[in-house]
Amino acid sequence: MSDTEQHCKKIKTELKELGQRLGGLRDACGYEREEFAEKLGISLETLTAYEDTGFDIPISVLMQAARICQVDMAVLLTGSSTHLNTYQVVRAGEGRIVDRFPGYHFEDLAYNYHNKVMQPLLVTLETADEPAKLVTHGGQEFNYVVAGKVILVFEDKEIELDVGDSVYFNPQIPHGQRCGSSTSAVFVTIITD
């Protein structure tokens with residue numbers, strides 16, 4: 001098996017485990033799928049797909065599920081509970097890896113902080129010719145580019161963001177990011193619910 005095939009298999013396994021944790025959390029909180037889907041504002045079919053595969057679950061859905069069940073989102077992302085409530089230092093390269101979407105690499109920069117009101121992530125976008133996949137979620141979102149060029153697709157607009165550029169926006173409007181440079185692009189995103 002090639003390295004790429006092994007990596008794809010690992011991501012598929014991690015995504016399936018994420019879906020299982022979402023279903024387990026729902027069950028532990030005493031919700032039937034229909035009721036939980038309604039609370040999350042998604043269809044029963046969508047929740048079923050998330051729980052069965054773990055694929056393509058928006059961060060906002062994970063944050064909302066964690067809030068509904070009164071647990072830290074790290075429980076869903078990692079399967080471990082958080083403990084810190086004063087501060088957490090995450091050294092360079094030591095963020096908790098969260099692989100959720102092909103072409104995106106997420107590092108949770110506050111994975112062990114309890115009761116977060118925002119979710120900081122370091123996101124690496126691989127170069128790709130595919131258009132950005134548009135998503136929506138509640139709360140607010142902030143992006144700050146630290147390497148390369150990020151193209152923020154916001155409804156029908158494309159906004160180029162270079163190193164040092166930032167954007168704060170309403171994520172209830174369809175949006176997505178894609179790499180706009182010949183090498184990977186890296187940005188920090190902070191999402192609130």
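Six strands form an open sheet with antiparallel pairing, in the order β1-β2-β3-β9-β4-β7. The edges are taken by β1 (96–98) and β7 (166–169); each has a single partner strand, so one side of each is left without a neighbour in the sheet. From one strand to the next, the twist averages 25 degrees, where axes are lines fitted to C-alpha atoms (for helices over the stretch in contact) and angles run from 0 to 180 degrees between N-to-C directions. Strands are DSSP runs of E with at least two residues, and helices are runs of H or I with at least four, numbered from the N terminus; two strands pair if DSSP finds at least two bridges between them.

The model is predicted, so local features need pLDDT of at least 70 and side-chain atom pairs count only at pLDDT 80 or more, whereas totals for chains, interfaces and linings use all residues. Residues are numbered from 1 along each chain as its sequence is written, and side-chain values use heavy atoms, with hydrogens and water left out.

Ile97 has Glu107 in β2 as its bridge partner. Antiparallel pairing is also found between strand β5 (residues 150–154) and β8, over five bridges. Here Val153 is bridged to Gly176 of β8. Strand β8 (residues 175–179) is largely enclosed by the rest of the structure, because four of its five residues are buried. Relative accessible area (1.4 Å probe, protein chains only) defines buried as under 20%, exposed as over 50% and partly exposed as in between.

The search of the whole structure returned three aromatic pairs. Rings of Phe, Tyr and Trp (its six-membered ring) pair if their centres lie within 6.5 Å, with planes under 30 degrees apart counted as stacked, over 60 as edge-to-face and the rest as tilted. Tyr31 and Phe36 form a tilted pair, because their ring centres are 5.4 Å apart and their planes are at 35 degrees. Tyr31 and Phe36 are both buried. The pair of Phe154 and Phe169 is edge-to-face, at 5.5 Å centre to centre and 75 degrees between the planes. This pair links distant parts of the chain, with Phe154 in strand β5 and Phe169 in strand β7, 15 residues apart. Phe154 is buried at a relative accessible area of 16%, and Phe169 is buried at 6%.

With a disulfide defined as a pair of cysteine sulfur atoms within 2.5 Å, the count is zero. Cys29 is partly exposed, at 30% relative accessible area, while Cys69 is buried at 9%.
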